[in-house]
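Have the sequence and the structure open while I talk, and follow along on your own screen.

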Amino acid sequence: MSEKSEQQRLSVFKTYKLYVGGKFPRSESGRVYEVTDAKGKWLANAPQGSRKDARDAVVAARKAFGGWSGATAYNRGQILYRIAEMLEGRKDQFVREVADAEGLSKSKAAAVVDAAIDRWVWYAGWTDKIAQVVGGANPVAGPYFNLSSPEPTGVVTVLAPQESSFLGLISVVAPVIATGNTAIVIASEKSPLPALSLGEVLATSDLPGGVVNVLSGKTAEIAAPLAAHQDVNAIDLAGADDVLAKELEIAAADNLKRVLRPQPVDYHETPGIDRLTAFLETKTVWHPTGSLGASGSSY
């Protein structure tokens, strides 16, 4: 056997990056931190996002909001379904990452990934139905039509659950974008790798750049400027502990952000529509009918 054939091949380690505006930047700060598995074994170095990265993500999310919120609900559903298709094709990779991140056996990790893929499909099916459930005509005492329809809140910061690093992540991100919002996602501080890999799936799933932006690092450090940012319209505190949640809610009150407080959730259960409606605003339109509404006969 030749000396060359006896040499052991070195593995190519993956370089994890943030996902902002459809691109994959390293942290502006240049910092990284070690990510380990459930047994303390080193897995990778993850980028440690900074306040500047958070601000860049807000700019990207705001820029993408007009196009995404203006897309048809049917089109948004197609894109969410496409994300599920792409995840299905990369299932083996995510099974490995989830198993390492959450200390699960391969079979249990596969069940989690399957559930996450199905969750994308579930929310894809709701994109063109939620308006029918929460909108409609309102009875009024007078010669008027009174119609209410839901509209997206805007740019939403999402603190991903700390423990359920993949299924929980999908369960809080998918409903935000299904209803036309754009998102800035702060990955689980302890287990960010599945979230960072999700960025690679989103980039190849027809999802416009900036609709979802994924940051990793110290949750409190990244979340603080986002909670106070005047161009962030809402925040989901799913991944915050009680102390951090209180601090962020106070910061968010400065410009009257909508806040979804953390609550105990079993992400394996079929979700209701609570998260779909959490970041929707209701627009009500009055229009005269009869002799007062000749110009509005099309109604």
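Let me start with a question: which residue in β8 does T157 stand opposite? It's I235. Before I go on, please remember that this is a predicted model.

So where does that pair sit? T157 faces I235, and the strands to look at are β5, residues 155-159, and β8, residues 234-236, which pair in the parallel sense over 3 bridges.

Now zoom out to the sheet. It's an open sheet of 5 strands, in the order β7-β6-β5-β8-β9, and the pairing is parallel. Look at the edges: β7 (212-215) and β9 (258-260) each have a single partner strand, so one side of each is left without a neighbour in the sheet. Going from one strand to the next, the twist averages 15°.

There's also a helix lying against this sheet. Helix α9, residues 219-228, packs on it and touches β5, β6 (182-186), β7 and β8. The direction of α9 makes about 150° with that of β6.

Next up, the helices α5 and α7. The axes of α5 (residues 106-126) and α7 come within 9 Å and cross at roughly 10°. Angles under 35 degrees count as roughly parallel, so α5 is roughly parallel to α7. On the α5 side, the contact includes V112, A115 and W120; on the α7 side, I170, A174 and I177 are among the residues involved.

In general, nonpolar side chains tend to be buried together in soluble globular proteins. Here, the largest nonpolar core has 61 residues, and the members that touch the most others are W120, F166, L169, I177 and V212.

Last stop: T179. You'll find T179 in the loop between α7 (167-178) and β6. Is T179 buried or exposed? Buried means under 20% relative accessible area, and T179 has 5%, so it counts as buried. What's around it? A polar atom of the T179 side chain lies 3.0 Å from the backbone oxygen of P175. Further along the sequence, leaving out residues up to four places away, T179 touches R76, I130, P152, L276 and L280.

Note on methods:
Residues are numbered from 1 along each chain as its sequence is written. This is a predicted model: local features need pLDDT of at least 70, side-chain atom pairs count only at pLDDT 80 or more; totals for chains, interfaces and linings use all residues. Side-chain values use heavy atoms; hydrogens and water are left out. Two strands pair if DSSP finds at least two bridges between them. Helices (H or I, at least four residues) and strands (E, at least two) are DSSP runs, numbered from the N terminus. Axes are lines fitted to C-alpha atoms, for helices over the stretch in contact, and angles run from 0 to 180 degrees between N-to-C directions. Contact means heavy atoms within 4.5 Å. A nonpolar core is a set of buried Ala, Val, Leu, Ile, Met, Phe, Trp, Tyr and Cys residues joined through side-chain atoms within 4.5 Å. Buried means under 20% relative accessible area, exposed over 50%, partly exposed in between (1.4 Å probe, protein chains only). A polar contact is a pair of N or O atoms within 3.5 Å; within protein, one must be able to donate a hydrogen and the other to accept it, and residues adjacent in sequence count only if both atoms are side-chain atoms. Angles under 35 degrees count as roughly parallel, over 145 as roughly antiparallel, 65 to 115 as roughly perpendicular and the rest as oblique.
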